[in-house]
Each structure stands twice: as structure tokens, then as C-alpha cells.
Amino acid sequence: MEKLTQVYAELRRESSHGQGVPIAVRHIESMIRTSEAHARMHLRHRHHVTEEDVDMAIRVLLNSFISTQKYGVQRALQKAEERGINDLNPFFSSGDFSAANFELDNERQVIKHRLPTH
């Protein structure tokens, strides 16, 4: 339960900065149910959820969360293009961009999001 709580708190903090779906209480409930379902699939009782079950539930939620964040960024970039903003280099080199823990990888042509260090 502690691991789920930590992941929820971190995702909640991160989702408040993004343009994707905000993390809500239903997401932690979903991780709990997914962990229990994974335990049952491996013929364990729901009261015997292992760390493997929890890790799998976290992985599913993270993949979903990351997908929504990517969609949010894509939508924002499309709006910029609709407004005739075609040169995003000033934005990519701005303090706002780096302060949000993003960096542009020109070689791979992707935007990377660095996890904050604690």
C-alpha cells in the first residue's frame, strides 16, 4: 500500500503540470483493483498481493498516464501551428521548458521529460 501511495502522490504532483488527464483518487483505486486482479490471475487470493502484482499495476497506469501526457503536448503543438507559430526553437530553449524538466533531443527529434531528483 505504501508503494501505491508514493506513486499516486508523485503522479498527482506531476499531473498538475501537464496537459493530460489529472491523476485522481479513482486512479489509486484502479491500481489496487488491478493488483488484486493480477494476483487472482496467478491463483493467489486478493489478500496476498505481491510486489510483482503492484509493479504490474503501476506499469499499466504509468503507460496510460504517459500516453495522455504525450497527447496533451501534441494538442498544444497543434494549437501553436494553427496560430502560425512554426519556429518552436525559442520555446525549446526557454526557461519555462527546462524548468518543467523537459529537454529537446535534436538528434533523435524527441522531447524528453526528466524525472525530478529528490
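Author: Two strands are said to pair if DSSP finds at least two bridges between them, and the elements themselves are DSSP runs numbered from the N terminus, helices being H or I runs of at least four residues and strands being E runs of at least two. This is a predicted model, in which local features need pLDDT of at least 70 and side-chain atom pairs count only at pLDDT 80 or more, while totals for chains, interfaces and linings use all residues. Residues are numbered from 1 along each chain as its sequence is written, and side-chain values use heavy atoms, with hydrogens and water left out.

Reader: What makes strand E1 and strand E2 a pair?
Author: Strand E1 (residues 102-105) and strand E2 (residues 110-113) are joined by 4 bridges and run antiparallel, and since the definition asks for at least two bridges, they count as paired. Among the partners, Glu103 is bridged to Lys112 in E2, and Phe102 stands opposite His113 in E2. E1 and E2 form a hairpin with 4 residues between them, and Gln109 in that turn has a positive phi of about 60 degrees.

Reader: Why is Leu43 called exposed?
Author: Exposed means over 50% relative accessible area, buried means under 20%, and partly exposed is in between (1.4 Å probe, protein chains only). Leu43 has a relative accessible area of 81%, and is therefore exposed.

Reader: How do you know that Glu51 forms a salt bridge with Lys3?
Author: A salt bridge requires a side-chain nitrogen of Lys or Arg within 4 Å of a carboxyl oxygen of Asp or Glu, and the closest N and O atoms of Glu51 and Lys3 are 3.0 Å apart, so the pair qualifies. The two residues belong to distant parts of the chain, with Glu51 in helix H3 and Lys3 in helix H1, 48 residues apart. Glu51 counts as exposed at 53% relative accessibility, whereas Lys3, at 31%, is partly exposed.

Reader: What else does Lys3 meet in a salt bridge?
Author: The side chain of Lys3 also meets that of Asp55, at 2.4 Å from N to O. Asp55 lies in helix H3 and Lys3 in helix H1, so this pair ties together parts that are 52 residues apart in sequence. With a relative accessible area of 26%, Asp55 is partly exposed.

Reader: Why is Asp53, which meets Arg44 in a salt bridge, classed as it is for accessibility?
Author: Asp53 has 0% relative accessibility and therefore counts as buried, while Arg44, with a relative accessible area of 21%, is partly exposed. Their side chains meet at 2.4 Å, N to O. Elsewhere, salt bridges that share partners join Lys3, Glu51 and Asp55 into one network, and a search of the whole structure finds 5 salt bridges.

Reader: What makes Val73, Leu77 and Ile111 a patch on the surface?
Author: Patches are made of residues with over 30% relative accessible area and no salt bridge, like charges being joined within 9 Å and nonpolar side chains (Val, Leu, Ile, Met, Phe, Trp, Tyr) within 5 Å. Val73, in helix H3 (residues 51-82), is partly exposed at 33% relative accessibility, and so passes the limit of over 30%. Together the three residues form a nonpolar patch with about 190 Å² of accessible area, a value from the Shrake-Rupley method with a 1.4 Å probe, only the protein chains shown counting as cover for residues.

Reader: Which residues lie nearest the centre of the second largest pocket?
Author: They are Met1, Leu4, Ser35, Val49 and Val54, out of 10 lining residues. H2 gives the most to this lining, with 3 residues.

Key: On a 1 Å grid over the protein atoms alone, a cavity is a set of points where a 1.4 Å probe fits but cannot get out, and a pocket is an open set with protein on both sides within 12 Å along at least five of seven lines; lining residues have an atom within 4 Å of a point.
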